[in-house]
Amino acid sequence: MFDPDRFIHARAKAVDASGIRRVFDLAANLKDPVNFSIGQPDFDVPQAVKDAAIAAIQKGMNRYTQTQGIKELQTRITGLITAEFPNWQPASSKLRTPNSELATSFASLVTSGVSGGLVLALMTCVGPGDEVLIPDPGFVMYKHLVRLVGATPVLVDTYPDFQLTAARLAKHVTPRTKMILFNSPGNPTGIVATDAVCREVVKLADEHNILLLSDEIYDEFCYEKTPRADGSMKCPSPATYSDRILLLRGFSKTYGMTGWRLGYAAGPAAIIEQMTKLQQYTFVCAPSMVQVAGAVALDLDMSTYVEAYRRKRDTLVNALRPHYQITTPGGAFYAFPKVPDHLKLTGQQFIERAISRNLLAIPGNVFSDRDTHFRLSYACDDQMLARGIEILIDLAKS
Ligand SMILES: Cc1ncc(COP(=O)(O)O)c(C=O)c1O
């Protein structure tokens, strides 16, 4: 008898998606819900980016590309990184010292979304016996991907302010610690790491010989930018303080192109070289026409969208503050308030109650060992935001 279960490895079975599935099951019958559960922008791909992808398809850009990405996109990425982080030297740079090229110069790799970059980075750098420090709360994929490659995720509690500080990390460092997954602006909290936190975490990683992976997929959605050496205002990043980190950035959120699957990794050339080799034998390359369109996207100014989200954040936080314990998110499009204590409900129970009022959000236990908070995504139109705020205030009073 054919028993499919026999063929499903424990590795797949170990991934528990029940928390989020439960929410979506409950939500399946909602009519016109206030949907605060969505992890993507509510704007569409800019027309110029769509046009570029369509033109690329028409011109025959439909074949495999070089694994590392098409030259025009690679060149743009190198340009962006060297402009933002003057301490980073491209592997092709004449400035490099010949013997240390692979140790200190950087290379980049165009990936199938930041998710693709995460998979390749973890496959390249960690395995059984290694520990990977990840923020709690943190992006749902992290702990599962770490387990998929046979390593051990170690959750670092960041409540109540959600900063992944060096002091919090230090408590969990062991001789087996191989990597830190750093994510700012963060999902699910929207918290932006301060410059001081970035500097200290880089120092900790250096001292203990740990690889720092900085997932900066929300970097453009940053409302707490700080000045760089050249005076430009940017989101704080550990890459300002070290070129020995792995930097992952994406197009999904910035340009509303989550379905197009584009991102990039930049970091020490020797590591990127191995990731490129693994990409060759897994994803092969990021979608060809999307790479062409990605190079066009990088020239666009998305600041009006970002400003609109900043306003939505202010509206949400100001309205909820009298009723919820809420740390002001400095970026992304999420907030992570605490379920009011007097309700005596877990995050899951609170969301069930919210769903009964036609509002959908994600309970904290989907992202965390604790079930005391919930994630709101305010990437929606102002009307829905207003409706949602009204329901949330009502729920807090009930
Ligand atoms: C923190 C974080 N990293 C990575 C990703 C994956 O993004 P991509 O669409 O680029 O694979 C997401 C998506 O929600 C995210 O929130």
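Domain bounds here come from an automatic or database domain assignment. On that basis the chain of this predicted model is divided into domain 1 (4–44 + 302–397) and domain 2 (62–297). The C-alpha centres of the two domains lie 26 Å apart, and the contact between them involves 33 residues of domain 1 and 32 residues of domain 2. Both domains also take part in the lining of the second largest pocket, which draws at least three residues from each of domain 1 and domain 2.

Two or more lining residues come from each of the elements α2 (18–27), α6 (113–125) and α7 (141–148). Of the elements, α6 gives the most to this lining, with three residues. Sorted by class, the lining of the second largest pocket holds 15 nonpolar, eight polar and four charged residues.

The largest pocket, for its part, has a volume of about 680 Å³. Its lining is formed by 27 residues, and those nearest its centre are Asp219, Glu220, Lys225, Lys234 and Tyr255. At least two lining residues are supplied by each of α4 (71–84), β9 (233–234), β10 (246–250) and α12 (303–320). Here α12 is the element that gives the most, with four residues. The lining of the largest pocket consists of 13 nonpolar, four polar and ten charged residues. Because domain 1 and domain 2 both give residues to this lining, the largest pocket lies between them.

In soluble globular proteins, nonpolar side chains tend to be buried together. In this model the largest nonpolar core has 116 residues, and Phe36, Phe350 and Leu392 are those with the most contacts inside it. Helix α14 (residues 382–397) gives the most to this core, with eight residues. The core also reaches into both parts of the chain, drawing at least three residues from each of domain 1 and domain 2.

Leaving aside residues up to four places away in sequence, Phe350 touches Tyr324, Val339, Leu343, Leu345, Phe374, Leu392 and Leu395.

Residues up to four places away in sequence not being counted, Ile57 touches Asn62 and Met289. Ile57 and Val292 are 235 residues apart in sequence, while their C-alpha atoms are 9.6 Å apart in space.

How values were computed: Residues numbered from 1 in each chain as written. Predicted model: local features only at pLDDT ≥ 70, side-chain atom pairs only at ≥ 80, totals over all residues. Heavy atoms only, no water. Core = buried A, V, L, I, M, F, W, Y, C linked by side-chain atoms within 4.5 Å. Buried < 20%, exposed > 50% of the residue type's maximum accessible area, 1.4 Å probe, protein only. Contact = heavy atoms within 4.5 Å. 1 Å grid on protein atoms, 1.4 Å probe; cavity = no way out; pocket = protein on both sides within 12 Å on 5 of 7 lines; lining within 4 Å. Points joined across faces, edges and corners; volume = space filled by probe spheres on them. Nonpolar A, V, L, I, M, F, W, Y, C, P; charged D, E, K, R; others polar.
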